[in-house]
Amino acid sequence: MNTQYLTLCFVLTLLSHLALAMTSKLIPAMYVFGDSLVDSGNNNHLPIFSRAKYLPYGIDFGGKPTGRCTNGKTVVDYLAIHLGLPFVPPYLGLSKHQRNRITTGINYASAGSGILPETNNRTSLSLDDQIKFFKKTVKHNLPKQYTEKHQLEKHLSESLFFVSTGVNDYFPNGTFRGNSKLASLLLNDIFLRLQRMYSLGARRFFINNIPPAGCFPSKAVHTRPRGICVEKFNRAITSYNRRLPQILHELQSKLPGFTFIHSDLNRFLIELRKTAENYGIVETWKPCCPNTIYGDLICGPNVIPCPNRNTHLFFDDHPSQISNQIYTIRCLNEATICKPSGLKLF
């Protein structure tokens with residue numbers, strides 16, 4: 001399957017699902033929480049150095065950086081297109097006036113953040129910070145548009161809450177930690193955070209599991225033979241991923257109206273490494289930026305990336321736009337990748 005055919009299939013899929021979404025209006029807004037996989041620019045507004053603030057990040061998103069840690073669109077962007085929603089803007093990039101008027105969703109995600117409050121909390125918005133900002137949205141901003149309590153509750157209960165986090169907890173400050181207690185600690189904390197979001201009105205959740213960090217270019221470059229995944233890292237992450245569905249079902253049994261889609265991002269990326277050629281992807285582990293496997297593999301400001309990003313699974317340590325595109329197609333059409341439990345996106 002070449003890239004042109006894949007793109008045509010994707011457009012046709014989007015058009016059909018978009019028509020359904022626009023007529024049924026199942027999801028009026030999307031609220032996004034997590035890390036660099038879904039950050040749409042919040043870190044650009046923090047007093048830190050943000051590489052995603054410079055080209056070549058965004059090179060395929062209108063040719064300018066947006067704060068997304070890839071060359072183009074993220075999974076959240078493609079999901080927004082499917083739902084007939086505008087791209088979800090970063091909370092820190094909105095003025096108070098804009099926050100009072102927006103009703104189609106806000107992105108609170110921050111590159112580098114994790115589930116635990118202490119994970120990279122000096123250089124990113126922790127998940128707790130993100131939920132605090134969402135609480136401000138619910139208490140102070142949305143009531144400007146939804147003056148009646150039942151209107152606000154209806155809006156929140158029908159909105160989609162996209163959560164993608166956890167990988168940075170295994171690599172705080174770049175150093176791996178994967179002791180046997182970490183998965184239990186993370187699962188307990190994500191349980192409490194989702195419960196907190198529910199208490200603020202969230203009902204429909206889209207939850208990514210943790211991607212296979214051992215397959216990221218910065219990790220695979222050090223293996224022998226070069227390019228294979230670091231299984232020690234992936235095994236540690238699997239301990240969390242295996243038990244995540246149980247946590248979600250426990251929340252569903254405990255909280256009335258709690259529905260979710262469990263997204264197996266980990267499985268998708270591992271499978272894509274094996275089937276990449278079917279989609280026109282020829283490079284499954286080397287990054288597109290920098291366009292070399294030597295040195296520190298940093299995609300710095302104005303570094304020249306590979307000329308054809310659609311042939312690479314990874315842009316830097318993050319999936320490329322084409323990988324996010326393929327993922328969205330499969331997520332929307334295959335229950336083995338995105339497993340619904342009381343929630344349908346069309």
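## A tour of the salt bridges

Select Arg-68: this residue is buried, with a relative accessible area of 6%. (Buried means under 20% relative accessible area, exposed over 50%, and partly exposed in between, using a 1.4 Å probe and protein chains only.) The model is predicted, so local features need pLDDT of at least 70, side-chain atom pairs count only at pLDDT 80 or more, and totals for chains, interfaces and linings use all residues. Residues are numbered from 1 along each chain as its sequence is written, and side-chain values use heavy atoms, leaving out hydrogens and water.

Next, select Asp-264 and Lys-339. They form a salt bridge, with 3.6 Å between the closest N and O atoms. Asp-264 sits in the loop between strand E4 (259–263) and helix H9 (265–275), and Lys-339 in strand E5 (residues 338–341), so the pair ties together parts 75 residues apart in sequence. (Helices, H or I of at least four residues, and strands, E of at least two, are DSSP runs numbered from the N terminus.) Asp-264 is buried at 13%; Lys-339 is partly exposed at 31%.

Move along to helix H9. Arg-267 and Glu-271 both lie there, four residues apart, about one turn of the helix. Their side chains meet in a salt bridge at 2.8 Å, N to O. Arg-267 is partly exposed at 34%, and Glu-271 is partly exposed at 22%.

Last stop: select Asp-128, Asp-189, Arg-193 and Arg-196, which are linked in a network of salt bridges. The structure holds 11 salt bridges.

Methods: Salt bridge = Lys/Arg side-chain N within 4 Å of Asp/Glu carboxyl O.
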